[in-house]
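The following note sets out points for a colleague who is examining this model. Please read each point with the sequence and the structure at hand.

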Amino acid sequence: MSRSRAWVGTAIATAAITLATMITGCTSPGSNTERVVIGVDLELTGAGSYLGQVYRRALELRVDQINEAGLLGNRRLELRVMDNRTDSGVAVTNISRLVEDPEVVAIITGGCDACLLASLETVTNAGVPVVSLASTSELVEPVDQRRYIFKLGPDAFDVAQVLARELVRDEAESIGLVTSDQPYGVEGQREMLAAAERYNIEVVARSISEGGEGADAVAADVLAGDDPDAVVIWASGPATGAVAQSLQARGFSGRILLAPS
């Protein structure tokens, strides 16, 4: 497992433990064990499944470890996992069901920004705590309207600053920028363009779908004319891989920087 994915497992475990210690669960009949049921809405199929499956395994592993070690005393974590198919419409249905389930005390969602954004009103009205693995700031801002949502993904502004400083160290004067057409990528493009402007770096920006369709055409646009000094890809795993392969196939030998996905 990559370092970033291992971090996700640790982050999920921390979230689960925090929620479990803050919230009262349900006592099983004839037992002193208190169940703390956490709803989970992940991208187990569809375009986002490459990460959703990793998140599920990491979460299940950490929860098993927590329960076996008795870290929560007489409390045991229990997961109620649902697949949103990387579809915001399905996610709305899933999250509504989890919110309405009297046993579910909190919800963890995956990396699909649009999936949770579509359910903001439901979550806010219900007052159920949600820990999201997505990144877009719109999930948690404005704060007074997002009191029950907490995200673990990095802020686009911070990621853009790190990437821009790296480009400056490399003395890059021009870059290609390929971003996802989803909220995560739209915000990333805005922040990356702003950061590049501050450092006087020229940018050719293009967008790509999460599935990576049209990657060769995007690569051709980015490399039109003189090759840029570097290319920044701010997209999902499938799209990132497709664009990187297309750039290399077209002979690009500069540096390729990847935003975390």
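Which side chain of opposite charge is nearest to Arg146, and how many Å away is it?

1. Basis of the note. The structure is a predicted model, in which local features need pLDDT of at least 70, side-chain atom pairs count only at pLDDT 80 or more, and totals for chains, interfaces and linings use all residues. Residues are numbered from 1 along each chain as its sequence is written, and side-chain values use heavy atoms, with hydrogens and water left out.

2. Arg146. The nearest side chain of opposite charge is that of Glu138, 4.9 Å away. Arg146 is buried and has no salt bridge. Here buried means under 20% relative accessible area, exposed means over 50%, and partly exposed lies in between (1.4 Å probe, protein chains only). A salt bridge requires a side-chain nitrogen of Lys or Arg within 4 Å of a carboxyl oxygen of Asp or Glu; Lys and Arg count as positive and Asp and Glu as negative, while His and the chain ends are not counted. Arg146 lies in the loop between strand E5 (130-132) and strand E6 (149-151). Leaving aside neighbours within four places in sequence, Arg146 is in contact with Leu120, Glu138, Leu139, Val140 and Glu141, contact meaning heavy atoms within 4.5 Å.

3. Overall architecture. The protein chain holds 9 helices and 10 strands; these are DSSP runs (helices: H or I, at least four residues; strands: E, at least two), numbered from the N terminus. Of its 261 residues, 48% count as buried. Among contacts between residues at least 6 apart in sequence, 67% join residues at least 24 apart.

4. Salt bridges around helix H8. The search of the whole structure finds 14 salt bridges. In one of them, the side chains of Asp221 and Arg206 meet at 3.5 Å, N to O. Asp221 lies in helix H8 and Arg206 in strand E8 (residues 202-208), so this pair ties together parts that are 15 residues apart in sequence. Arg250 forms a salt bridge with Asp216, with the closest N and O atoms 3.0 Å apart. Because Arg250 lies in the loop between helix H9 (237-249) and strand E10 (255-258) and Asp216 in helix H8, the pair ties together parts that are 34 residues apart in sequence. Arg250 is partly exposed, at 44% relative accessible area, and Asp216 is partly exposed at 39%.

5. Arg190 and Glu187 form a salt bridge (4.0 Å, N to O). The two residues are 3 apart in helix H7 (residues 183-198) and are therefore separated by about one helical turn. Glu187 counts as buried, at 8% relative accessibility. Elsewhere, Arg35, Glu78, Arg80, Asp101 and Glu103 are linked in a network of salt bridges.

6. Gly52. This residue is found in helix H2 (residues 49-69). Gly52 is buried, with a relative accessible area of 0%. Not counting residues up to four places away in sequence, Gly52 touches Leu42, Glu43 and Leu44. Gly52 and Asp83, 31 residues apart in sequence, are 8.9 Å apart in space, C-alpha to C-alpha.
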